[in-house]
Amino acid sequence: MKLVTKNHRGYTALHAEKLDTTLTTRGDSKESFYIGPLTDDLNQWPLEEDLPSWRCTMETYHQKLLSAVTKLLSLIALSLKLEEDFFEKVGALIEPLAFIRLLHYPGDLNSSSEEIFGASAHSDYGMVTLLVTDGVPGLQICREKSKQPRVWEDVPSMSGAFIVNIGDMMEGWTNGLFRSTLHRVLQPRQDCYSVAFFTNPSKDCIVECLESCCTESCPPRFPPIKAIDYLEERVRLTYGL
């Protein structure tokens, strides 16, 4: 609790957030620790004597995953018949808002009949997310998020591989060609750990439909928006601010 979240960095306690804001139940059953961009001195770090080499490990992981995401975005650009460095040219990677989130989902704590999720249904906010899990079942996706009733599928764990989620802003750029992944985490029967790496564009980057992804018969579905404005609104709703 000495490192409780400030500026979206640090520790978030059990039930502190609710990702599906339509639910009337208490918050999601998880605790986490956020580590944001390494360049702005806003991260909170435990003392070196308490966790030797931990800060160095996290900073190295952040750098390596940001490099991997940059390569992934260049492949997405090429798949859209854009220049390989498109996302760099539009300013998305000048100072990307990239966050590590270390997650712990406690084993079944729910002694009541109330339905509680480890993470209730949501999509990620940014461009892409890289996720690694410890293999404990619980993560599910819904392929057709606009249809009711929703059909949920278990996501298999694959050793040595990342799960890749498309985020809302990538859906906005591509006009729904790349759809953000609606997903949730069921409350596990045993403790579960995972590490997510959320990659959001630089705060002043404008996300708007690509010319190649819209036509007269398929006009832009989302209005242009500044990345920081979208992020702040989603965070406000998630934490009930």
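Q: Hey, is Phe 33 buried or exposed?
A: In this predicted model, Phe 33 counts as buried, at 12% relative accessibility.

Q: And which residue does Phe 33 form an aromatic pair with?
A: That would be Trp 54. The pair is edge-to-face, with 5.5 Å centre to centre and 85° between the planes.

Q: What does that pair tie together?
A: Phe 33 sits in strand S2 and Trp 54 in helix H1, so the pair links parts that are 21 residues apart in sequence.

Q: Which residues form an aromatic cluster?
A: Phe 33, Trp 45 and Trp 54 make up one cluster.

Q: How many aromatic pairs turn up in the whole structure?
A: A search finds five.

Q: What about Phe 86 and Phe 87, why is that pair edge-to-face?
A: Their ring centres are 5.1 Å apart and the planes stand at 80°, so the pair is edge-to-face; the angle cut-off for that is over 60 degrees. Phe 86 is buried with a relative accessible area of 15%, and Phe 87 is buried too, at 2%.

Q: Switching to the core: which residues touch the most other members?
A: In the largest nonpolar core, which has 49 residues, they are Leu 73, Phe 87, Met 170 and Trp 173. Helix H1 (residues 54-79) gives the most to this core, with seven residues.

Q: What does Met 170 touch?
A: Leaving aside residues up to four places away in sequence, Met 170 touches Leu 73, Ile 76, Phe 87, Gly 126, Met 127 and Phe 178.

Q: OK, on to the sheet. What's the strand order?
A: It is an open sheet of six strands, S1-S2-S3-S10-S5-S8, with antiparallel pairing. S1 and strand S8 (163-166) stand at the edges with a single partner strand each, so one side of each has no neighbour in the sheet. On average, neighbouring strands are turned by 20° against each other, direction ignored.

Q: How many bridges join S5 to S10?
A: Six, between S5 (residues 128-133) and S10 (residues 192-200), which run antiparallel. As one example, Val 132 has Val 195 in S10 as its bridge partner.

Q: Where does H1 lie?
A: H1 lies across S2, strand S3 (97-105), S5, S8 and S10, and runs at about 130° to S5.

Q: Last one: where is Thr 25?
A: Thr 25 is in the loop between strand S1 (10-12) and strand S2 (31-35). Thr 25 is buried, with a relative accessible area of 19%, where the cut-off is under 20%. Thr 25 and Leu 237 are 212 residues apart in sequence and 15 Å apart in space, C-alpha to C-alpha.

Note on methods: Residues numbered from 1 in each chain as written. Predicted model: local features only at pLDDT ≥ 70, side-chain atom pairs only at ≥ 80, totals over all residues. Heavy atoms only, no water. Helix = DSSP H or I, 4+ residues; strand = E, 2+ residues; numbered from the N terminus. Buried < 20%, exposed > 50% of the residue type's maximum accessible area, 1.4 Å probe, protein only. Core = buried A, V, L, I, M, F, W, Y, C linked by side-chain atoms within 4.5 Å. Contact = heavy atoms within 4.5 Å. Pairing = 2+ DSSP bridges. Axes fitted to C-alpha atoms, helices over the stretch in contact; angles between N-to-C directions. Phe/Tyr/Trp six-rings, centres within 6.5 Å; stacked < 30°, edge-to-face > 60°.
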